[in-house]
Structures are given as C-alpha cells and as structure tokens.
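These are my notebook entries from a first reading of the structure shown below.

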Amino acid sequence: MERGILGSRGAVQILGSKTGAAMSCGKTTSTSFTCSTKHELNLHVNVKPLQLATDGSSRLAYKTPVLKNQWNLSASSSSANVVTTFDDDKGVPSSFAEEKIGVLLLNLGGPETLDDVQPFLFNLFADPDIIRLPRLFRFLQRPLAKLISTFRAPKSKEGYASIGGGSPLRKITDEQANALKIALEKKKLNANIYVGMRYWYPFTEEAIDQIKKDNISKLVVLPLYPQYSISTSGSSIRVLQNVVKEDSYFSGLPISIIESWYQRDGYVKSMADLIEKELSAFSNPEEVMIFFSAHGVPLTYVQDAGDPYRDQMEDCISLIMGELRSRGILNGHTLAYQSRVGPVQWLKPYTDEVLVELGQNGVKSLLAVPVSFVSEHIETLEEIDMEYKELALESGIENWGRVPALGCTSTFISDLADAVVEALPSASALGTRKPEDTDSSMDLMHYLTKMFFGSILAFILLLSPRLVSAFRNTML
Ligand SMILES: C=CC1=C(C)c2cc3[nH]c(cc4nc(cc5[nH]c(cc1n2)c(C)c5CCC(=O)O)C(CCC(=O)O)=C4C)c(C)c3C=C
Ligand SMILES: [Fe+2]
C-alpha cells in the first residue's frame, strides 16, 4: 500500500479523558521498543490555539501538567453558565434532559463498489491534509488528485475486489452508531447519532446538514480513531470548523470534540481482552510475539507539522501492554507501521520489514494487532490478513494469528458512551473564526508569481513522459 505527500494543521478544541496507569516494559526482542513512562511526563502534544470567538477573545486548548491527558479549555463560552447536576449513579447530568443531544461520529469512509474507487481516491488525495502543497501550488491540488487517483485506482480496485468488491466501513460504522445509541440509552441519555465520512457517503457535510435540520442543541464530536492524526481526525474536524465559521447556527451551537481516546480504560481493557483471547488460541501462548501494526503517516507530519500521532501510538501500546502485564501476560511485543503510499519516508519501522526481521531472528509465533482503527477495513482484511500473513510465513514464522478490530464489542461501545456523557458538560460554542487564509488579499504580483511557478510545475508533472512513468512506478 502507498501514501502521498503531507501537511500540517493546528488541532482544535479538545476534550480529553481518563488517564491510564504509567508503566514500563522492557526490551523484548531486537525490534521491540522499550516502553517508558513517557506518557506520564512528556505531554508535548502540539495544539495550536483556536481563534474562533467573535468577541475578540480567543479560546485556548492546552494540557494541564497536573491532570495527565486531560484537555482543558480556557475562556468563556455560551454554555459556561449551564448548571449541571447529577441525577443518578450513572453520572448523566439532569440538565441534559431538556437538551436535544447529537453525537457526530467521524470516520474515513470507503468505496462501496469498484466503480466508487477512483472518485473515492480523488476525494482523499484532494484533501489538503493528505497532500499538503505549498500555498503557491495549492491550485494544483485537484488536478494532482485526479492524476494520482487515476494512477492508483487499478491497484486499489484489486485490493477492494479481494475483500468482496467494496469497503465494509459504512456498514460497520452504522452498526457502531446503533450500538452507541443503545448504550447511551442504557446510561439514560437520549441522543441522535450521526455518521460523517470524510471521503465517501454519507459525507461529513451531509451529517452536518442533518444536525442543523434536527435543531440539535448540544453536539459531541467523536472521531472513530483512537489516536489523533492531522491526516484523520484533524482533517475531519477541519471540515466541521469550516462550517462553524460560516454558519450562525453552528457558531452558536455548544460543541465538545473528543480528540483522542486511546488512553481510556475501557478502550485499553477491551483491546487487552481481544489480545488475551487470541493468544489463548495458540498452542504455546507465552511464546507468541504480540505485533502491533499501526497505520503509518509520512514522517514529516510528526517531525515538522507536530502531529502527535506517533507519541499517542507509543503511549497507547504501553497502556495496553501494561494492562496485559497486570493480568500476568508477559509476552514480547513490537510496534511497526503499515500502509505507506508514495516516495516519501513514513514512520518507521515498517511492518513488512519487521516481519521479515522477526522471522529471520527465529520468532515462530506471531499475533498481529491492528491498533489505529476500530473497524475491519481494507488494510486489515487485505494487507494484514493476506499480504503480511504470506510474507510472515515465507520469512519463517509458523503460527500466525490476528486480533479482530473492536467493531461493536460491548465493553468498547459502553466506554465510548461514557466518553460522550463525560464530554457533554464541556460543550461550548465555538463562535466564528477569523479567516486564516489570506488568499483573498493576495495582490497581482503574488498571483502572477503563483501562476508562473504553477505552470512550470504542471508542465513538468503532466507533460514529461519520463516523469510520468517514474510517478506511476511510485504510485503502484
Ligand atoms: C489511523 C488511520 C489512518 C491514517 C493515519 C491514514 C493516513 C493516510 N492514508 C492515506 C492514504 C490512503 N488511505 C486509504 C485507506 C484507508 N486509510 C485508513 C486509515 C488511515 N489513513 C483506512 C481505515 C482506510 C481504508 C478505508 C476502507 O475503504 O476500508 C487509501 C485507499 C486504499 C488504498 O488504495 O490503499 C489510501 C490511498 C494517506 C496518504 C495518509 C496520510 C497522509
Ligand atoms: Fe489511509
């Protein structure tokens, strides 16, 4: 699998959640990383202040050094005066009984048929958080997306064909939405659940329209990615931000955004349950290498753009391993990154290379654990179950297992419901943001320079046959 260029984006208004116990776990094999207490001490997640308020004030999101992994919001909000009382031991504030609560689940989306593959890829590569062009060349975003999606479509189609002709993401996300609604009802919270996909139906914009039609009075936004990345949760949240700054209903709507939730006890324990269960299917469970395979991002996201994804991923693995160790499960473990695209460097180590290395180093039993996503999708069903399994077996690994994605696991869904309930009291109006983009004030010289360099780039990219064939080779 492949990936493209990159981008950066300031993060948004955030609501964090519980903390996890810190732990350390030692080096287990040549490729294992040593877990540390980093998540306890080193909270350098990059969050830019979000300027949204019309009254001239700005609202800052920051992490407090006292409460680990807890995001706080400064500044006032339209909901700041809401008094919340707790009416039962489930912790659902009684003040929400009169509210019309909405929960917006954000996800990536996937093509439902093979004919959808190229337009889906176009939407993905047209996202400035996926292919981040310098401002000067931004007008090339869509032509470039057309080019890349056209070159990549045949390979992607093969992958989707091998998993039944389309992505299962919409069906699974709808099931998760239904399960979440029921779990919230059990916690005495009646909420409308909306699904908003970034690159395919039902699009985030459609969900946002429906939220407005339903006249929701408080909204919790829950990206279905445990860890935050500019390229996933960040990109979807940006769509929402763009609506908020243009629309008076949304700019006054109290909103809570749960930016990442990998550190929640319920998620960590649910993952540990799945791993424990799959380990017990091996004839010698204690010999099995637990192999966490996370979706990668280009290295520059983390190094230059401040994406907290890698830190959160390492933190997440150390929490899951800590939970397993507390249950007496002392297996070795490894983290590697899969699904890279294009010619740039991605987060390392790469899954395929580590699998070969482990096989050569004599590891005989391996349990693959997909860790960056909570549904089955092309990269679990095709890349891990087919490509990586074959590679592992060829490299000397004899016993292969794979942990299923969390899907609708009840402990997990119940924890997501808790996260929603906990997020509600912090919902606040985001207001309207001053436009960040200064394109409108661009003068004639700037415009001409842009066109000049843009035309040269377009010429090089589109007209040089040798470059086109080099490009095709890196995309396939
Ligand atoms: C945490 C999860 C994900 C990150 C981070 C991520 C970054 C990222 N992805 C691409 C390019 C592609 N992704 C594709 C599919 C895809 N990606 C994710 C998740 C993350 N992506 C999922 C769940 C899926 C599968 C959806 C499905 O239909 O099942 C694809 C299309 C498939 C393919 O052709 O490989 C591309 C392309 C980039 C460039 C990127 C970071 C910059
Ligand atoms: Fe992806």
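I first noted that domain bounds come from an automatic or database domain assignment. On that basis, the protein chain is divided into domain 1, made of 101-261 + 410-429, and domain 2, made of 265-402.

I then noted what I am working with: this is a predicted model, in which local features need pLDDT of at least 70 and side-chain atom pairs count only at pLDDT 80 or more, while totals for chains, interfaces and linings use all residues. Residues are numbered from 1 along each chain as its sequence is written, chains are lettered from A and ligands numbered from 1 in the order in which they are written, and side-chain values use heavy atoms, with hydrogens and water left out.

**Between the domains**

I looked up the centres of domain 1 and domain 2, taken over C-alpha atoms, and found them separated by 24 Å. Counting as contact any heavy atoms within 4.5 Å, I found 25 residues of domain 1 touching 24 residues of domain 2. The buried area (accessible area, 1.4 Å probe, that two parts lose on being put together, summed over both) is about 2100 Å², and carbon and sulfur atoms give 65% of it. Of the area that domain 1 buries against domain 2, Ile-163, Gln-227 and Ile-230 supply 26%, more than any other three residues.

**Two helices**

Helices here are DSSP runs (H or I, at least four residues), as are strands (E, at least two), numbered from the N terminus. I saw that Gln-176, Ala-179, Leu-180, Ala-183 and Leu-184 in α4 meet residues of α13, including Phe-412, Leu-416 and Val-420. By class, this contact of α4 with α13 has 10 nonpolar, 2 polar and no charged residues, where Ala, Val, Leu, Ile, Met, Phe, Trp, Tyr, Cys and Pro count as nonpolar, Asp, Glu, Lys and Arg as charged, and the others, Gly among them, as polar.

**Backbone**

Most residues other than glycine have a negative phi, and most peptide bonds are trans. I recorded a cis peptide bond from Tyr-201 to Pro-202, with omega near -10°, and placed Pro-202 in the loop between β4 (191-197) and α5 (204-213). Another entry is the cis bond that joins Lys-348 and Pro-349, with omega about 0°.
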